Amino acid sequence: MSFRPTFCRLAKKSSRQWLARQTKDSYVKKRQIDPAAFRARSAFKLLEINDQWDNFLSKSDVNAVVDLGAAPGGWSQVVAQKLGWTSESTDSSPTHDSASTFDPLAIDDDISAPAQGRGTIIAVDLLRMRPIHGVHDIVADFLAPDTDRVIQELLKREGVNDGKVDVILSDMAANASGNVTRDIECSLEICQAVMEFAGRHLRTAEKIGRKRGGVVLMKHFAHPELQQFREEELVPKFNLVKYIKPDSSRAESREGFFLCMGWKGA
Ligand SMILES: C[S@@+](CC[C@H](N)C(=O)[O-])C[C@H]1O[C@@H](n2cnc3c(N)ncnc32)[C@H](O)[C@@H]1O
């Protein structure tokens, strides 16, 4: 199967319905009131999953994390916090630029920030995001072969000599194209592509020396072949696979998450 999630156009979330829902949403309100506010409501989903599942982000052997589809940066902020970096940058440059500024190999390191945390955090997105202390921001399509190369070089530069990562996060969304069949297909293609990415980049549980080491957390949407994907692509390759619908995920949303722990290898 060929993977073409980027064929899907960027979703527009500016409808009146969306605005009304945002206004009522308790997690959006929390983000507005909380002085340590996260950039995106989705941060609360990662916080919730991490809290419920053994604080997998905070394990002392977690040294390299890749956040796929990271913009505007809510999940990366959570990871940065868990690894001891400050969550916000003092930089006030524009956030979440349009795809017109797409530069497939741009790496945006916030080198002016004081180093306070540990480990290497790499955020990949088609869109540029405001810098976050401790997070290397790669503006690229995660499917492009060059992106693998840039990630490898970055890991090496950071002293991760085997070029492997401990946690892969994917909150990537298939952007609504208006063609429901195509959109549903797209969402599964993204999950399959994330698994291929894991095959190339994820460190095994055996190497880490912990049964639940080597983690993939990925978003998915309802799809007729999702169960088959889980049974064939996930269950045999991890020691633990869980379907999760966090409270902070809107009940009406067809999204869910697979938390896969203990990578056995491709
Ligand atoms: C729901 S948003 C992620 C929100 C993010 N987790 C946060 O907390 O701020 C999904 C992102 O996936 C990105 N995306 C979709 N396809 C991509 C691809 N092929 N490569 C890189 N990023 C992609 C989109 O640009 C979008 O910013």
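Predicted model: local features only at pLDDT ≥ 70, side-chain atom pairs only at ≥ 80, totals over all residues.
Local features require pLDDT of at least 70 and side-chain atom pairs count only at pLDDT 80 or more, whereas totals for chains, interfaces and linings use all residues. Residues are numbered from 1 along each chain as its sequence is written, and side-chain values use heavy atoms, with hydrogens and water left out.

**View 1. Aromatic pair of tryptophan 75 and phenylalanine 257.** The structure holds 5 aromatic pairs (ring centres within 6.5 Å, taking the six-membered ring of Trp). Tryptophan 75 belongs to helix H4 (residues 74–82) and phenylalanine 257 to strand S8 (residues 255–263), 182 residues apart.

**View 2. Aromatic pair of phenylalanine 238 and tryptophan 263.** This pair is tilted because the ring centres are 5.1 Å apart and the planes stand at 45°. Phenylalanine 238 is in strand S7 (residues 238–244) and tryptophan 263 in strand S8, so the pair ties together parts 25 residues apart in sequence. Phenylalanine 238 counts as buried at 2% relative accessibility, and tryptophan 263 counts as buried at 3%.

**View 3. Packing of helix H6 with helix H8.** Helix H6 (residues 180–201) packs against helix H8 (residues 226–234) at an angle of about 5°, with axes 11 Å apart. H6 is therefore roughly parallel to H8 (angle under 35 degrees). In the contact (heavy atoms within 4.5 Å), H6 contributes Leu188, Cys191, Gln192 and Met195, and H8 contributes Leu226, Phe229, Glu233 and Leu234.

Definitions and conventions
Phe/Tyr/Trp six-rings, centres within 6.5 Å; stacked < 30°, edge-to-face > 60°. Helix = DSSP H or I, 4+ residues; strand = E, 2+ residues; numbered from the N terminus. Buried < 20%, exposed > 50% of the residue type's maximum accessible area, 1.4 Å probe, protein only. Axes fitted to C-alpha atoms, helices over the stretch in contact; angles between N-to-C directions. Parallel < 35°, antiparallel > 145°, perpendicular 65-115°, else oblique.
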